[in-house]
Amino acid sequence: MSSSLSRTLSSRLRAPAVAIRMLSAALLIGVLGAGEARATPAEGIHNIKHVVMIMQENRSFDSYFGTYPGARGIPAGVCVPDPVNGGCVTPFHSSSDRSYGGPHGVKAAIADVNGGKMDGFVAQAESGSKCTTTNPSCSSCGLVEGEAAEAAEGCSVMGYHDAREIPNYWTYAQNFALQDNMFESSASWSLPEHQYLVSAWSARCPTGDEAALDCTNSLEPVLPGNDWNGPIVPGKATYAWTDLTYLMAKAKVSWRYYVYEGAEPDCASDEAVQCKAVKQGPKTPGIWNPLADFTDVKQDGQLGNIQSLNSFNTSVHETGSCGLPNVSWIDPNIKVSEHPPSRVSDGQAYVTTLVNSIMKSPCWGSTAIFLSWDDWGGFYDHVSPPQVDVNGYGPRVPGLVISPYAKTGFIDHQQLSHDAYLKFIENDFLEGSRLNPATDGRPDARPDVREEAPGLGDIANDFNFNQTPRPPILLPTHPEPGPASKPPGPSPPTLTAGAATALTQTTATLHGSVDPEGATVSDCHFDYGTTTAYGQSAPCTPAPGSGTSPVEVSAALTALTPNSTYHVRLVASNAAGPSRGPDRSFLTQESLPELGRCVKTPAEGIEKTHNGRYTDAGCTAASAGASGEYEWAPGAARPGLRLSGAASLLETTNHFQLSCTAQKGSGEFTGPRSATVRLTFTGCESAAKAPCQSEAAPSGEVVSTVLAGRLGFIKNRINAGKALISAGLSLGASAPEAVVAMLECGQGLSGTGTPLMLDGSAIAAIVSEDRMVASNTIKFTAAGAQQKPEGFEGTAMNEVLQTSLGGGAFEQTSLTLKSTLTSEEPLEIKATP
C-alpha cells in the first residue's frame with residue numbers, strides 16, 4: 001500500500017473521541033448469589049474458592065484493546081511494511097465480524113517480533129496465504145471498508161476492534177480489571193500454549209514413555225494425530241512431565257477441564273492460516289485438550305475430570321451452594337472460539353453466556369474468572385515480548401479478571417503471562433507450592449520454574465479483598481454496538497518497577513523501565529520517602545527518550561536512614577500525560593553500633609538472632625576470658641528516649657566529687673549511633689553530706705545541659721518471641737569546652753558554682769518505647785583492676801559484661817546504681833561487621 005493510500009484510509013476511519021460509558025447496557029444485580037456466604041476480608045486471596053479460566057483464540061491485545069482509554073495501546077505513527085504491495089499499512093478500525101489473522105507458529109512469532117521492531121505482521125500474513133500482487137484476495141487491501149476490506153488477508157492483521165464490535169469485552173474492562181501487559185507463555189501456537197496453561201512447560205516425550213525426566217524442552221510437541229490435519233489418534237502423544245493437576249491431586253483440590261463438543265478450535269498446523277476442522281470430544285486428546293495425554297492425570301485416576309461443557313452447565317446451575325470445583329478450564333469449539341475466520345460476535349456471545357451463568361449462580365461471591373486468548377493469531381501488537389527463557393514469552397494477548405473482588409475499572413500494567421494463572425492458583429489453594437522439579441516430588445527436565453520467572457507479576461494485585469463483594473453485571477449476549485474510541489495516538493509512558501539493589505545502611509539503587517510509547521518523555525523520576533507521601537525524588541538515569549521499547553532506568557539514593565522502610569514509585573510523563581508506577585518498598589540495612597556491651601551466646605531454649613558474630617576479640621581484656629558468640633542488635637531506636645538508673649559518683653572539672661542516688665532524663669536519637677540527652681541527677685550531695693543543686697533546681701537535684709552520646713543496642717530474643725533489648729551509651733559534653741552543669745553544695749546558688757564534668761558510659765539505662773526494655777539486675781566485682789561479672793538476675797537469660805561511669809565494678813538493682821572506682825580503664829566494646 002502506498003503511503004498516500006495509508007493516510008487516506010487512516011483519515012477515512014478516524015472517529016471522534018467519545019467517552020465510553022456502557023454500563024447502561026448492563027443489568028445491575030445488587031445481591032450476591034443465593035446461598036453464598038460472604039467471606040471476611042481477613043482471608044485475602046482465600047476469599048476466592050473457585051477459579052474459572054476461559055481461554056479464547058487468536059487475538060492480540062492491540063487488536064481488541066489497542067484504543068482502550070488508559071491502556072498501553074497502539075502508539076501514534078505506526079506503519080508496518082507491506083513487502084508485496086509496497087509502502088506500509090497503518091492500524092485501522094475494522095468493523096467486520098470476521099477477520100483472517102496470520103501465521104502464528106514459532107517462525108511467525110520470530111518474524112513478527114523481528115528483534116523487537118514488531119513489524120513483520122503484514123509480510124507474514126501475505127506469506128501465509130500465498131498472497132501475491134495479482135491475487136484477488138490482496139488487491140482490495142485497504143480500498144474498501146467493511147467485509148471486503150477484511151477479506152484482504154494481508155491487511156486484516158492491522159485491523160483493530162473497539163466497543164463497536166466487542167461492547168461486552170469493553171464493559172468487562174470498565175467494570176472489572178483489564179491486563180494490558182499479558183503475554184502468551186510460549187512464542188508459538190495453541191498446542192504448546194495450552195500445555196503451558198496446565199503445566200507451565202511444553203516438551204516432547206517418547207511415545208509411551210511415562211518417565212518425566214525423558215521429556216525434552218520443545219515448542220513443537222508431539223501431535224495427537226497422525227498428521228497436522230488428520231483425525232485424532234488416542235494414545236499417539238504422551239505428555240509425561242508434571243502438570244498442575246498433580247499438585248492439586250496431592251492437596252485434594254478439585255478441578256475440571258470442560259470441553260465444548262464440536263470441531264477442533266485451532267489449526268493443527270502451527271504455520272497455517274486456515275485449516276480443516278477436526279472433531280473433538282470430552283475424552284479425546286487434542287490440541288485444546290492436552291490433559292488427556294498427561295500421564296500423571298491417568299496415574300492419579302483423574303481422566304474423568306475431563307468433561308463435557310454440559311457438566312459445567314449442570315454444576316453452575318446447582319442451587320443452594322456452588323457446584324463448581326476449585327479450578328476449572330473451559331475449552332471452546334471452532335464456532336465460538338474467535339479463531340479466524342469465526343465470527344467475533346459468536347465468541348463474545350458464548351463468553352457472555354458463561355460469565356452470566358456464573359454471576360447468576362451461588363458461585364459468584366467466591367469466584368475469579370480469568371478470561372484470555374491463547375495466542376496473538378498473527379494480529380498486530382506493538383509491544384515486544386520479554387525473553388524470560390528459550391520458549392517465551394510470545395506476543396501480548398488480552399486478559400480480563402472478572403470477580404466480585406476485582407478492582408473497578410482497574411488497568412493492570414504488571415508484566416504477566418498465563419503462568420500467572422498457575423501462580424495465583426498455587427498461592428490460593430496449594431500454599432505457594434510450585435511446579436518445581438526440586439520440590440514437587442515428580443521431577444522433570446523443565447528449564448526453569450515459570451511461576452517464579454523474573455518480573456512476573458501477581459494477579460492478586462487485581463483484587464481488593466477489603467471491598468464489599470461486587471454485585472453481578474449481567475450483559476446481553478447480543479448487545480448493541482458501543483461508542484467509537486479515539487484512534488491511535490500518543491499514550492502515557494508504560495512503567496515497570498524493579499527491585500532496589502545495592503542496599504546499605506544509607507544508600508540504595510532504584511530500578512525500573514520506561515516505555516516512552518513513541519513520544520518524548522519530558523520527565524522521569526523516582527519518588528521516595530518513609531511514607532507513601534514520598535516527599536523526595538531522584539531523576540532517572542538515563543533519560544528514556546522517545547522510542548517504542550522499554551528503557552532500563554535507575555537512580556542512586558544516598559543519605560538514607562539505617563534500618564528504615566522506604567516507599568518508592570517510578571513516575572514518567574510524555575505529551576499524553578503522566579504515568580505513576582505502583583508503590584514498592586525496601587528496607588535499609590541495620591547499622592552496627594560502635595559502643596555498647598557484649599552478650600554471650602544465648603542459653604539453650606533462647607532463639608538466636610545473629611546480627612553479627614563476635615568472639616572474645618570483640619571485647620577488651622576486661623571481659624575476663626569469656627568465649628562464644630556475641631550478638632548485637634544494630635540500628636537506631638526511634639525517638640522517645642528516656643533514661644533510668646542512678647550514678648553514685650559524679651566528678652566536677654576540679655575533681656570535686658559528689659554522690660547522687662538516681663538519674664533520669666530524656667532526649668532523642670540524632671543518628672544511627674548517636675543521641676542527644678538531657679540528664680537530671682537527684683539526691684546529690686558532697687562528701688561532707690552537704691546537698692548539691694544546680695541553678696533553678698530543687699535541693700539535691702543537678703540538671704545537666706545537653707550531652708552528646710554514641711549509642712549501641714543489644715537484643716535478646718526468648719522463645720516466647722518477646723524482644724528484650726538493652727543499650728550502651730557513651731556520654732560526654734556536646735563540645736570540649738561545654739559546661740554540663742553549674743552546681744553548689746551546702747549553700748545557696750550565687751552564680752560561682754563548680755562546673756560539673758560527666759564523661760563515661762551509661763549502660764542499660766536507655767529505653768525506647770517500642771525497641772527496648774531494661775529490667776535486669778547485674779552484679780559485678782573487681783579483680784585485678786578488671787571488671788568481672790559475678791552474677792546475673794533479670795528477665796533476660798544472658799550473662800552481661802558492662803562498665804560504669806568512668807569504669808569500675810558495680811551492682812545495679814532496679815533503678816539504683818552503686819559504684820566504687822577500682823580502675824580508670826573503662827570497658828569499651830568495639831563491633832566490626
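In this predicted model, C88 is buried, with a relative accessible area of 18%. The cut-off for buried is under 20% relative accessible area, so C88 falls within that class. C79 is partly exposed instead, with a relative accessible area of 28%. C79 and C88 form a disulfide, and their sulfur atoms lie 2.0 Å apart. The torsion about the S-S bond of C79 and C88 is about 90°, so this disulfide is right-handed.

The structure holds six disulfides.

| Disulfide | S to S distance | Torsion about the S-S bond |
|---|---|---|
| C79 and C88 | 2.0 Å | about 90° |
| C205 and C215 | 2.0 Å | 110° |
| C322 and C363 | 1.9 Å | 95° |

The link of C205 and C215 is right-handed. Both C205 and C215 sit in the loop between strand 9 (203-204) and strand 10 (216-217), 10 residues apart. C205 is buried, with a relative accessible area of 6%. C215 also counts as buried, at 0% relative accessibility.

The link of C322 and C363 is right-handed as well. This pair links distant parts of the chain, 41 residues apart. C322 belongs to the loop between helix 12 (309-316) and strand 15, while C363 belongs to the loop between helix 13 (344-359) and strand 16 (367-373). Both C322 and C363 are buried.

Helix 10 spans residues 244-251, and its buried residues are L244, T245, Y246, L247 and M248. An α-helix has 3.6 residues a turn, so residues three or four places apart point the same way. In helix 10, the buried residues include L244, L247 and M248. Helix 10 is followed by K252, which has a positive phi, near 60°.

The next feature is the largest pocket. The volume of the largest pocket is about 470 Å³. Its lining consists of 26 residues, and those nearest the centre are H413, Q414, L495, G581 and P582. Strand 18 (410-412), strand 21 (494-497) and strand 27 (577-580) are the elements that give two or more residues to this lining. Strand 21 gives the most, with four residues. By class, the lining of the largest pocket has 11 polar, nine nonpolar and six charged residues.

Some totals describe the protein chain as a whole. Its secondary structure comes to 14 helices and 45 strands. Of the 833 residues in the protein chain, 57% are buried. Among contacts between residues at least 6 apart in sequence, 74% join residues at least 24 apart.

Technical notes
Residues numbered from 1 in each chain as written. Predicted model: local features only at pLDDT ≥ 70, side-chain atom pairs only at ≥ 80, totals over all residues. Heavy atoms only, no water. Buried < 20%, exposed > 50% of the residue type's maximum accessible area, 1.4 Å probe, protein only. Disulfide = S-S within 2.5 Å. 1 Å grid on protein atoms, 1.4 Å probe; cavity = no way out; pocket = protein on both sides within 12 Å on 5 of 7 lines; lining within 4 Å. Points joined across faces, edges and corners; volume = space filled by probe spheres on them. Nonpolar A, V, L, I, M, F, W, Y, C, P; charged D, E, K, R; others polar. Contact = heavy atoms within 4.5 Å.
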